[in-house]
Amino acid sequence: MSSMNEKKPRILVIGDLFLDRYVYYDPALSKPSLETGLMTVTGIKEEFSPGAAGNVAKNLAMLDVEVIVLGPVGCDGRQYDLERELSKYGICTQFLIKSQAHVTPVYTKFINVNTGEEDLPRLDIPPTGLNETSKAEMIGAIELLVPTVDAVVVEDQADIPGRGCVDGEILCRLLEMRTRFRDKPFVADSRIKPEAFTGFLVKSNMNEFISGLKRMGILDQDKSEVPDKILVQQYLADFSRRVEYPVVVTAGDDGSFCFEYGVLNRVFRLEGEVRDACGAGDAYTAALTVDHCSVENALLDSARMATKAAALCVSQ
């Protein structure tokens, strides 16, 4: 993204960083456990990759920007694996909040070696939230880092109440920083409270957007039969007024919608083979953020760039 004479954008990613663990198993090697009689899942290979906020950070780094991650992790082997994977992409892990009171969150996915498909239930170890010591450390890091970066991305992806690091106090501090640094792009991708990020460029998927409308009292149950793409066109302006900033909503096969300066635009998805839709939203967020760092670029142009990035992601 940067030429030799341009300074790379420096972007801070805040949120819960997961380790994605892929276990490739051979069903032919399954056998009854001597202890329980249950059939074993016998892995023959495992691979790791950054997940959740870590995956957004990875996508940003692949767009040739300088990335710093901030979030809680445990003092465990999974934390070592996560830092190793982040470091492969040149991501700064200096400000991870390490504590024995945390676990390093993990998604373990079981891939059948015969089919290449994930065909067993995923094993999740979710985040534990912040204790008071870690919260104070994280607030201090936010105050230290935000003035030094070109953009801030908040990945609020923990979907179990009370378990994510972007709790009420962290959110309040982020909103204060947004007010102080209005010249910087602040982007929020929140699974359970996108409407709370006032002044942020909010990027939501359709389910997150509609859930937000219901929490705000804008949408009632009488609209339950209305197609989602109609609802987003009808209410995106109301949502934008609530957060006092432009909004982008991704809509899968229906492309994406963006609202800026009183104008609603739609970006149609690009045609092509979809091999794996996993990670498309993170690729979209990363490309949207990098392109939006340029003050000359309209949100519609950034959404088009993000659509191309997401299309490339799902084709691989």
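1. Contact here means heavy atoms within 4.5 Å. The model is predicted. In helix H5, Met-206, Phe-209, Ile-210, Gly-212 and Leu-213 meet a set of residues in helix H6. That set is Asp-228, Lys-229, Leu-231, Val-232, Tyr-235, Leu-236 and Phe-239. Sorted by class, the H5–H6 contact has nine nonpolar, one polar and two charged residues.

2. Now the geometry of that pair. H5 covers residues 206–215 and H6 covers residues 228–243. Their axes come within 11 Å and cross at roughly 55 degrees. The two helices are therefore oblique to each other. The crossing of H5 past H6 is left-handed.

3. Next, the sheet. Eight strands make up an open sheet with mixed pairing, ordered S4-S1-S9-S10-S11-S12-S13-S14. Strands S4 (66–70) and S14 (263–267) stand at the edges with a single partner strand each, so one side of each has no neighbour in the sheet. On average, neighbouring strands are turned by 20 degrees against each other, direction ignored.

4. Strand S13 (residues 256–260) runs antiparallel to S14, and five bridges join the two. Glu-260 has Val-263 in S14 as its bridge partner.

5. Helices also pack on this sheet. H6 touches S11 (201–205), S12 (247–250), S13 and S14. The direction of H6 makes about 35 degrees with that of S13. Helix H3 (residues 132–145) lies across S1 (10–15) and S4, running at about 155 degrees to S4.

6. Glu-85 sits in helix H2 (residues 77–87). Leaving out residues up to four places away in sequence, Glu-85 touches Phe-48, Ser-49 and Pro-50.

Methods: Residues are numbered from 1 along each chain as its sequence is written. This is a predicted model: local features need pLDDT of at least 70, side-chain atom pairs count only at pLDDT 80 or more; totals for chains, interfaces and linings use all residues. Side-chain values use heavy atoms; hydrogens and water are left out. Axes are lines fitted to C-alpha atoms, for helices over the stretch in contact, and angles run from 0 to 180 degrees between N-to-C directions. Helices (H or I, at least four residues) and strands (E, at least two) are DSSP runs, numbered from the N terminus. Angles under 35 degrees count as roughly parallel, over 145 as roughly antiparallel, 65 to 115 as roughly perpendicular and the rest as oblique. A crossing is left-handed if the near helix is turned anticlockwise from the far one by less than a right angle, and right-handed if clockwise. Ala, Val, Leu, Ile, Met, Phe, Trp, Tyr, Cys and Pro count as nonpolar, Asp, Glu, Lys and Arg as charged, and the others, Gly among them, as polar. Two strands pair if DSSP finds at least two bridges between them.
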